[in-house]
Amino acid sequence: MAPGSTRATGICLLYVDDDPTLLETGKLFLERSSEITVTTAGSAPEALRLLCTKTFDAVVSGYQMPGMDGIEFLRQIRKDYGDLPFIVFTGKGREEVAVEALNCGADFYLQKGGNPQSRFAELSHEIHHAVSRRRAKRALQESEQRYRDIVEDQTELICRFLPDGTHVYANEAYCRYFGQDRGAIIGSRFMPEIHPDDRRAVARVFTSLTPKNPVVLVEHRIVMPDGGIRWMRWSDRAIFGEEGICREYQSVGRDITDRKQAEEELAASRALLNATLDSIPDIIGIQKPDHTIIRYNRAGYEFLHLSPEEVSGRRCYELIGRSSPCEECATEEALRTKRPEQAERYLPKYGIHLDCRANPVLSEDGEIVFIVEQLRDITDKKRAEEELRESEAFNRSLIENLPDYIVIYGSGGRLLYMNSSAAHALGYSADEVIGRPVISFIAEESRDNVASMITARREGGDVPAYEIEILTREGDRRAVIVKGTPIQYRDSPATLLVVTDITDRKRTEEALKKSRQRLELALEAGEHGFWDWDLETNEVYFSPRCYTMLGYEPGAFPPHYQSWLDLLHPDDLREVVPRISRCIQAMQPYGEAFRMRCRDGSWKWISSRGKIFRKDGSGVLCRVVGVHVDIDERRRADAALLESEAKYRLLADRMNDIIWMLDADLRTTYVSPSVETMLGFTPEERLNQEISEQLTPASMLTVQDVLARERALEQGGRADPGRSVALELEYCRKDGSTRWLESLISGIRNDQGRLVGFHGVSRDITDRRRAEVSLQIANKKLQLLASITRHDILNRMMVLQGYLELMQESLNQPVQREYLRQIKKAATAIQRQIEFTREYEQLGHALPIWQSVSGVVAKACRGRLPVRCTCKRLFIYADPMLEAVFANLMDNTLRHGEGAAEVRVYCRASEDGVTIVWEDDGAGVPADQKERVFDRGFGRNTGFGLFLCREILSITGICIIETGTYGQGARFEMAVPEGQYSFGERSADAGNIMQMKERLGSPDG
């Protein structure tokens, strides 16, 4: 957590004053409340060092303090820690001090004196107020950012407009969908062209909105600019005022063209499937594993003399007057084997024989979903077999005309007989095939299966009908079911094969499978849950998605209407169920939104749409089919959107700073009302101005330069999408004068991450700029004076030292020579101190640059003690005098590290950045001197070396401390904060760019 960041509870206070007694007293008074924890500091520099290592929520500081007074301290706080609450608490009662403190950004000014209890109680109140205000401000900024992220990142089209059609908001997805700039939509009566057939219905939707029913879902077509037709689904909300009059509309839309097309394709696929099934003369039935009939084809209903409604939901054996499945049932066998099965049944009720073929359809996990049963009337075939014993000629004629293929082969596997149907299907005449191996007509993939069946039959086993593929003369494949029977043919053992061509049936099954797959894929793609409610039994089929969207495993609750009622929210149960019942009675499709209980006990919003069906040829309602859609996130987003938008607009309208937005061409698309107070232009006037009219020529050049660099980053793919840039620009006022504004600018990006505009906040810094100019002039004068004075003093010192040398040569008395030695020593110290002022004056004079740590260490320590530096790839952003830091550290090791033979320089990761460590193997620093070694004048030499190190590093926020163990060597740790270091090559251009960023006030680019 950075210094000054927001805490969840409690206040951590830094109290600064040069009076220890007052610090102790204030700490006692302020910590009476457990909400405040006080840390004290006796000076502003000590407080700044504490701020480098610890987090505080507020600072209370005195005014008159040695080294750095309260106002200078405040300026440093504002520079390093932004809006960290700062309260001036001083005995100075002059009005100009209070004004200066408040102008420099103090949150409050409080004078010491009077009753301590009441004075510190007032101070405690102001601390709480300042911290609370800062936390609220940051919470508001976070909330506002969340709102903007939610709205702008939506894939749905979102807009808001007045009753007269004037748009007041449109998100990026809305503008992109209709190919319009946001500036062209907002403020205009832009409206997508509604399909002529849907206009009246859309108008009725909007007129139906009331304060009690302000939201409606509507689907309609729009005509795109290119003439194309697209289907849209809109959630329209009317926003009413207290007087009940609609003030605004909000629409959230989604393109559902693909879904509509999928529905049309599904309907066409179903129609094709139905037509195909009805064209098959055999009875085709589809039933569940429990024998419940799903449907028959037309041949089935005609055979039973029943309607689809009379058959649906009944079991197959019930239709022939049985209470349980047949003893020899192909379906029962297929359920057991999970393979196609065949059986023959005689139905006394109808006086016919049926060839029953049951084909199981398996799910991906190998479970039977339903059974496709083919019933073929084989009564004639049976009679033919009986008559075959009486008349071979008659039987042959019958066999020749059977639709099935009849094949007889001998013990050697060669064909003895093939009926005309088989020969014709294979493309041969009956004579051409006689004598050929039967295996030659079988596809390669099926031959092993045929061979195993032949072997099993020879061994006397029961060989059921099996499916294979056969080859025609042209090489085409046909799917057939083969049933073999041992017979005597012309007084020799042979095998009779009855081959049923199921090629057409297989194609039908494949078409049915693809149709169902398309339906399931369409629902899965839309994340919709499908349900089918049987109104007669109250049984409901819930697709897996209906369960998983509520957190349940598929099948977790019974497939029954009551399951849905049990999961409904009590409030929705009372309101939604009656409305759905009325729609069902009126045969009207319905759409409802309601809450359902999830597995974890929470409530989720679900959108449900249903359509009602009657039995064919009757007025009896039979079923309702529909979908469930999870709209929980959208409902929550709608509520958050309304609340956040209201807060955002209220904040924008009341802020003193100017909030603005530009498109990619730098045209102003929005500006807050505060522009009139600050610059004299109304928001409407500002929107009509080019950016070149708003800025002075020099500031316009700055903008163009920064924009060119930003575009280069974009094109090179090196841009950080979350970056912001701070610029100080001179703006033109309406009265002809100018004002300096500081603007924090960020990019606006579309869903593809492309830069489409800019938004920013501008604050008036004219007074600060004037103060900075005045301060620069004063500093230049002081530097000039110091330079002249230092030059003259050094010249005099040179003369003084010259005369002292001459005197030393002429004096012979030991006492006099000792006095003279002490005088020379003092003069040398004075000279060093004056020369130090030149070095100290250069601190911060040049802009920081990126520097290689290993390169600087090598240059600073060349020719002295051996140095092992392992920071080969580390670069840090520091003052150009960084070399002096390592030179002084080496000087300190040489002067005070008695016995030191080597220095190690290495780096390691820390919580807030990187730490560079200088470590020698000398005597080390005593524990009571670890902090004092950085004080100016401390030590046996000049006392400026380590003081200068700390001052140089602090310019770019780098802290230095001594952590070695006395007797084992000195260790100086330099903490480099995040953003001030890099691992890898840094060119001169990189340094220049960082310097530019520093000028622009953007430490992170």
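The model is predicted, so local features need pLDDT of at least 70 and side-chain atom pairs count only at pLDDT 80 or more, while totals for chains, interfaces and linings use all residues. Residues are numbered from 1 along each chain as its sequence is written, and side-chain values use heavy atoms, with hydrogens and water left out.

**Helix packing**

Two packed helices are described by the angle between their axes and the distance between the axes. Axes are lines fitted to C-alpha atoms, for helices over the stretch in contact, and angles run from 0 to 180 degrees between N-to-C directions. Helices (H or I, at least four residues) and strands (E, at least two) are DSSP runs, numbered from the N terminus.

| Helix pair | Axis distance | Angle |
|---|---|---|
| α2 (residues 44–53) and α3 (residues 70–81) | 11 Å apart | about 15° |
| α29 (residues 853–860) and α30 | within 8 Å | roughly 55° |
| α30 (residues 882–896) and α31 (residues 945–954) | within 9 Å | roughly 150° |

Helix α2 passes α3 in a right-handed crossing; a crossing is left-handed if the near helix is turned anticlockwise from the far one by less than a right angle, and right-handed if clockwise. In this contact (heavy atoms within 4.5 Å), A44, A47, L48, L51 and C52 of α2 meet F73, Q76, I77 and Y81 of α3. By class, the contact of α2 with α3 has eight nonpolar residues, one polar and no charged. Here Ala, Val, Leu, Ile, Met, Phe, Trp, Tyr, Cys and Pro count as nonpolar, Asp, Glu, Lys and Arg as charged, and the others, Gly among them, as polar.

Helix α30 takes part in two of the tabulated pairs. At roughly 55°, α29 is oblique to α30, and α29 passes α30 in a right-handed crossing. V853, V856, V857, K859 and A860 of α29 make the contact with L882, E883, F886 and A887 of α30. These residues divide into seven nonpolar, no polar and two charged.

With α31, the crossing angle of roughly 150° makes α30 roughly antiparallel. The crossing of α30 past α31 is left-handed. On the α30 side are L882, A884, V885, N888, L889 and N892, which meet G945, L946, L948, C949, I952 and L953 in α31. The contact comprises nine nonpolar, three polar and no charged residues.

**Aromatic residues**

A search of the whole structure finds 25 aromatic pairs. Rings of Phe, Tyr and Trp (its six-membered ring) pair if their centres lie within 6.5 Å; planes under 30 degrees apart count as stacked, over 60 as edge-to-face and the rest as tilted. F886 and W918 form a tilted pair, 6.3 Å centre to centre with 40° between the planes. Because F886 lies in helix α30 and W918 in strand β36 (residues 913–920), the pair ties together parts that are 32 residues apart in sequence. F886 is buried (under 20% relative accessible area; exposed is over 50%, partly exposed in between, with a 1.4 Å probe and protein chains only), at 1%. W918 is also buried, at 0%. Elsewhere, Y174, Y177, F178 and F190 form one aromatic cluster.

**A loop residue**

N538 lies in the loop between β22 (528–534) and β23 (540–542) and, at 27% relative accessibility, counts as partly exposed. Leaving aside residues up to four places away in sequence, N538 touches W533, H560 and Y561.

Definitions and conventions
Angles under 35 degrees count as roughly parallel, over 145 as roughly antiparallel, 65 to 115 as roughly perpendicular and the rest as oblique.
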